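Here's a quick briefing to read with the model open on your screen. Have a look at the structure first, then work through the points below.

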Amino acid sequence: MRLVVEREREIEKFKPEEFWTVEAELYPEKRKKEIFAARLAKIDGAPLDKFAIKNETEANSIKTALDKAEWRVESVEKRAVTKRPLPPFTTSTMQQAAFSRLGFSAKQTMRTAQQLYEGVELGSEGSTGLITYMRTDSFNLSEDSLASARSFITDSFGKKYALSSPRRFKTKAKGAQEAHEAIRPTDPTRTPESIKGHLDRNQFRLYDLIWRRFTASQMAEALLDATTVDISVKPKGGADYGFRSSGQILKFDGFLAVWPTKTEEVMLPELTKAEKLELYKLAPEQHFTEPPPRYSEASLIKALEASGIGRPSTYAPTMATIQDRNYVEKDETKRLRPTEV
């Protein structure tokens, strides 16, 4: 409750600050179809901080200075970037992911996980426990589950998606007791689709999430090609301006094949050092700083865990209690707002 109330007071005291950015749409000379965006990043070689351009007058004076300037590519840097999968679920991370991806409350998540843990009727197999114990703060995984996951990944996706040795994760939670394994499917070869007909909608969606997170944790890293282009702009008799554009292209999906994340591909045209660019459009944009957001159930659980408050078994009851007693209510975005009480 104190965390929720302190956050609300921060929001009430917050005074928005204005700042501006300047974005250019450019294209290589004689290749008008290859338009890309770049943002002002430096003036006279000094990097701009967030509040460097304070108002519309300053932004427009930059726009005027750059209208008839010469734009050239200063440098092009290409590098390979690897993206690692997240660890398998603990209680708190499962509750956070179920909220953000499925819209489940902590109470709903734990109720559904309990059903998957206790067992579901799988036709001729009878009642079968589908996940390991759902109240845990550990990332540990049994050797059997790791071996089973590796052979499943090799058979289903191919050798390049499997790891030569298992990936292990260390628990960072304050005061973690690590009495149980991470939350994982009891049999990694039991795919969500293969048992969909025996589960209700919520059970299927949560099992699918747990299965994917565990399987992804034992898959190869995703590979991306990242490109950074620095552009120099020299107006006659004025300051030197530096714009920057960044792009990335997915080269190998790896674990993203089962755990998709927001990896936007931003394609940049092929550019070379000192190449001349043409300006298509220059647009100053106004922004305001925003207050810290109210906690959702998921972000409050994350804060509790980071502060060492409570245990995996108490997160969901804590969320339920403060709402049942009308100490907090949910606003229109499902975030927690303290009541007058």
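What follows covers ring contacts, charges over rings, strand pairing and a surface patch.

Keep in mind that this is a predicted model. On the aromatic side, the structure holds eight pairs. On the strand side, β2 pairs antiparallel with β1, with β8 and with β3.

**Aromatic pairs**

- Take Phe19 and Phe51, an edge-to-face pair with 5.7 Å centre to centre and 80° between the planes.
- Phe19 belongs to strand β1 (residues 18–28), while Phe51 is in the loop between β3 (46–47) and α2 (56–66), so this pair ties together parts that are 32 residues apart in sequence.
- Phe19 is buried, at 10% relative accessible area, whereas Phe51 is partly exposed at 28%.
- Phe139 and Phe169 also make a pair: their ring centres are 6.4 Å apart and their planes at 65°, so it counts as edge-to-face.
- That pair links distant parts of the chain, 30 residues apart, with Phe139 in the loop between β6 (127–128) and α5 (143–157) and Phe169 in the loop between α5 and α6 (192–195).
- Phe139 is buried at 14% relative accessibility, and Phe169 is buried at 15%, because buried means under 20%.
- Phe157, Tyr161 and Phe252 come together as one aromatic cluster.

**Charges over rings**

- Arg7 puts its charged end over the ring of Tyr295, 4.3 Å from the ring's centre.
- Lys196 does this with Phe204, its charged end sitting 4.7 Å from the centre of the ring.

**Strands around β2**

- β1 and β2 (residues 36–43) run antiparallel and are joined by four bridges; Glu23 has Arg39 of β2 as its bridge partner.
- Four bridges also join β2 to β8 (residues 241–252), again antiparallel, and here Arg39 is partnered by Arg244 in β8.
- β2 and β3 pair over two bridges, in the antiparallel sense, with Lys42 opposite Pro47 of β3.
- The hairpin of β2 and β3 has two residues between the strands, and Asp44 takes a positive phi near 50° there.

**Surface patch**

- Where does the chain show a nonpolar patch on the surface? Met1, Tyr327 and Val341 form it, and together they have about 290 Å² of accessible area.
- Met1 sits in the segment before α1 (2–13) and is partly exposed, at 36% relative accessibility.

Note on methods:
Residues numbered from 1 in each chain as written. Predicted model: local features only at pLDDT ≥ 70, side-chain atom pairs only at ≥ 80, totals over all residues. Heavy atoms only, no water. Patch = residues over 30% accessible without salt bridge, like charges linked within 9 Å, V, L, I, M, F, W, Y side chains within 5 Å. Areas by Shrake-Rupley, 256 points an atom, 1.4 Å probe, with all protein chains shown as cover. Salt bridge = Lys/Arg side-chain N within 4 Å of Asp/Glu carboxyl O. Buried < 20%, exposed > 50% of the residue type's maximum accessible area, 1.4 Å probe, protein only. Phe/Tyr/Trp six-rings, centres within 6.5 Å; stacked < 30°, edge-to-face > 60°. Lys NZ or Arg CZ within 6 Å of the ring centre and 35° of its normal. Pairing = 2+ DSSP bridges.
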